Amino acid sequence: MNSLRKLGTKLSQVAALPFLSFLLAFFISGILIAVSDSRVLKLAGHPWQMIKMAGTVIGNAYLALFQGSIFDINLTHGHSFFQGFYPLSETIVTATPLILTGLSVALAFQSGLFNIGAQGQFVFGAIGASYIGFHYSLPPVLHLLISLAGGALLASIWGGFVGLLKAKTGAHEVIVTIMMNYIAGYFILWILKTKAFLRPGRIDPMAPEVGTNARLPHLAGADLRIHAGIFVALLAALFVWWLLTRTTMGFKFRSVGANASAAKTAGISIAYVTTATMALCGALAGLGGAVHVLGSEYAMTADIAGSFGFDAITVALLGRAKPVGTVFAALLFGALRTGGRTMQSNTETPLDIVLVIQALIVLFIAAPALVRYVFRIKNLKTSASITSKGWNG
Amino acid sequence: MKKSFKLITLAAAAALVVGVAVAPASQAAKIKACLALDTGGVDDHSFNASAWAGAQASTGIASVQYLPATSAADFAPNIKKFVDQKCDLIIGVGFAISGAIVDSANLNPTIKYAVVDDQGYDHGPKGDQYPGKPVANVKGLTFSTDEPSFMAGYAAAGYSKTGKVATYGGAPYPTVTIFMDGFAKGVAYYNKIHKKSVKVLGWDPAKPDAGTFVGDFQNQNKALSISTGFEQQGADVIFPVAGGLGGATAGQSLKGKKSVTIWVDSDGYDLVPQYRSVLLTSVVKGIGESVKSVITDVSTKKYTNASYVGTLKNKGVSLASYHDLAKKVPGQIQNEVRQLGKDIASGKVSVK
């Protein structure tokens, strides 16, 4: 009982800042939604009516956001009740690659590294998985596993190279990963035009679809896109948690993250930790790319990575660089993205408001003093120490 | 009730915007038209913007709406959203979205679809069957942009003092190279008529692999270096077929004073007024017109899956006016280009 209460206190301490940031971001975005709506502005002369109208507009927008991301009763008309959960399925489909890229960034934070390269690592994961997926014909299960592993391995080499560079030459991983994102971006453009990758009959960059044996199976029938990739992502989160808290290797990672000089004095090889961390980060983000291709897209295009790698930084920050936190943060971002679609089409509130919400969340998390001031809280636990390590090398 | 009122206001507002009276044929039904955009956003000054403007200016609509895409992964869910919203007509903007449109059309045979810049054919479950089969409820909206480009090539050759003109593309997609083909062949036609030998840099229809391309539609620096390269080789007319990247070329024309630019897709005179003094003309692709036409087809129940092809004849494509540079283009050339347009429309001159 006592330990349960302790856990509760700890949880409320850890989750307080993200939650309050989230609340604040929604509040400010609500004002933006209201003042950008012509129906509200028309009532400028009647303050009370205007506030009422603003309330309606904001309420409708956020209701649509919910309907578009969790459950929509309108979708059940003429279909099974189950179909109402189509939005939730979409949320999870979007969140799945984000969980993996988020974990990649979070793991790096834990070792005192700032991995901005999840975008490029994602690209290589997608390339590896796509090629094995469409080029070879293997038996079921085996084909999927090899495709996933191939993507993760390729991305792990790509990511590990950054760690090696840092370990051997001291090249800063922030700079190197940013540059390598560009290389990956142009590499995929080029490789999609080569004979090996270009879909027969097409001249625009698009790979063939992966074979049916290589696809992640749907979890709830063909109508919903939710696929087994979510299990891959959750297993990866479990693995990262286990690695960090239950293994010697994870202890070394965290020691270097907490204080590199002390870790070195204690006999931990910084070069080893840096290389191993970046290789693992690459594998995680690469798995994200692989799951995206094998789970929902099937065909690789030049913009396959979307903004999964960059959103991952936000997700890891919001999740306070913890595996569980990252999973929830990614689910939230997935919900915002899919819900934004319904918000725009039902209430004509621009989809871009979602970006504002995301940006504000990051802003408040990065400036805990602001949140402390607004809510008059003194002892708000922040994770600034862990998430700003990467900058000073 | 409230919703229908909102829809009426919307339709009325749309009508006001374009200044046309809402007087559709008596049997016409008001429809809900929905646009699934390509990446780039609704205000991309290019095809997304043209399509949206065309949809808003249409008659016979009860409501119009759009969804933007941040990457190709958004295409399928955006279209699914419109299916759930019970749209009467779903228009995919850009050939990249074609596959997702066809997939959705096969699942929802009662909904009408259209796709801009592609024929909207079904290429089989693996997407590798070419040319593919037409789908009963997908209409392709395509454009013979080689026709006005042919005229532009002729005009450019007639205008050029150095005897060299140039063109480059964003990426080697068929929707891009068709402009460059028309342009190069228009120059060749001028050479044949006038017994001259004006050269085209950047594109030879016989050697497509050797064409000059930026590689994407975002890289302003590359577009600029291609443009200055052309100028150094002596080209005094440049035709960039790369959407907004044309701004890099026009900017160089303005700064270097060695060349003029031919704008692409819409009339640059209205779109980029800062470059008016260096825009020879524009090759206009009427995406908005095509969207309007398919919306009218659906509301008047004349929709078929036969592709819409914008031509000089139906004014789906056109060559814009020379505007400020009209006095620099010899009158004889202007007359010849005008006549050429008529001859292409009537089939007397082939642009192939």
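In chain B, B:Gly92 faces B:Val115, a residue of strand 4. This is a predicted model, in which local features need pLDDT of at least 70, side-chain atom pairs count only at pLDDT 80 or more, and totals for chains, interfaces and linings use all residues. Residues are numbered from 1 along each chain as its sequence is written, while chains are lettered from A and ligands numbered from 1 in the order in which they are written.

**Confidence.** The complex has an ipTM of 0.85 and a pTM of 0.85 from the predictor. For chain B the average pLDDT (the predictor's confidence in each residue, from 0 to 100) is 90, and 92% of the residues score at least 70. Residues 1–26 of chain B are another matter: pLDDT stays under 50 there. The model has 19 contacts beyond four places in sequence for that stretch. Two residues are in contact if their C-beta atoms, placed from the backbone, lie within 7 Å. Where pLDDT is low, predicted coordinates should not be read in detail.

**The six-stranded sheet.** Chain B holds an open sheet of six strands, in the order 2-1-3-4-5-11, with parallel pairing. Strands (E, at least two residues) and helices (H or I, at least four) are DSSP runs, numbered from the N terminus. Pairing requires at least two DSSP bridges between two strands. Strand 2 (61–69) and strand 11 (308–310) of chain B are the edges, each pairing on one side only. From one strand to the next, the twist averages 15°.

Two helices pack here. Helix 3 (residues 75–84) of chain B touches strand 1 (31–39), strand 2 and strand 3 of chain B, and its direction makes about 170° with that of strand 1 of chain B. Helix 4 (residues 98–107) of chain B lies across strand 3, strand 4 and strand 5 (138–143) of chain B, at about 170° to strand 4 of chain B. Axes are lines fitted to C-alpha atoms, for helices over the stretch in contact; angles run from 0 to 180 degrees between N-to-C directions.

**Strand 8.** Five of the five residues in strand 8 (residues 237–241) of chain B are buried. Buried means 20 or more other C-beta atoms within 10 Å of the residue's own, with C-beta atoms placed from the backbone; exposed means 12 or fewer, and partly exposed is in between. B:Val237, B:Phe239 and B:Val241 point one way, B:Ile238 and B:Pro240 the other. In a regular strand, side chains alternate between the two faces of the sheet. Across from B:Pro240 stands B:Tyr168. B:Ile238 has B:Thr261 of strand 9 of chain B opposite.

Some strand pairs of chain B:

| Strand | Partner | Pairing |
|---|---|---|
| Strand 3 (residues 89–92) of chain B | Strand 4 (residues 112–116) of chain B | parallel, four bridges |
| Strand 6 (residues 164–169) of chain B | Strand 8 of chain B | parallel, five bridges |
| Strand 8 of chain B | Strand 9 (residues 260–265) of chain B | parallel, two bridges |

**Domains.** An automatic or database assignment sets the domain bounds. Chain B has domain 1 (29–143 + 288–310) and domain 2 (146–284 + 322–346). Their C-alpha centres lie 30 Å apart. Six residues of domain 1 of chain B are in contact with six residues of domain 2 of chain B. The domain 1 side has two nonpolar, three polar and one charged residues. Nonpolar covers Ala, Val, Leu, Ile, Met, Phe, Trp, Tyr, Cys and Pro; charged covers Asp, Glu, Lys and Arg; the others, Gly among them, are polar.

**Chain contact.** Chain A brings 21 residues to the contact and chain B 22 residues. On the chain A side, strand 1 (206–209), strand 2 (299–301) and helix 13 (323–347) of chain A each supply at least two residues. Helix 13 of chain A gives the most, with four residues. The chain A side divides into seven nonpolar, seven polar and seven charged residues.
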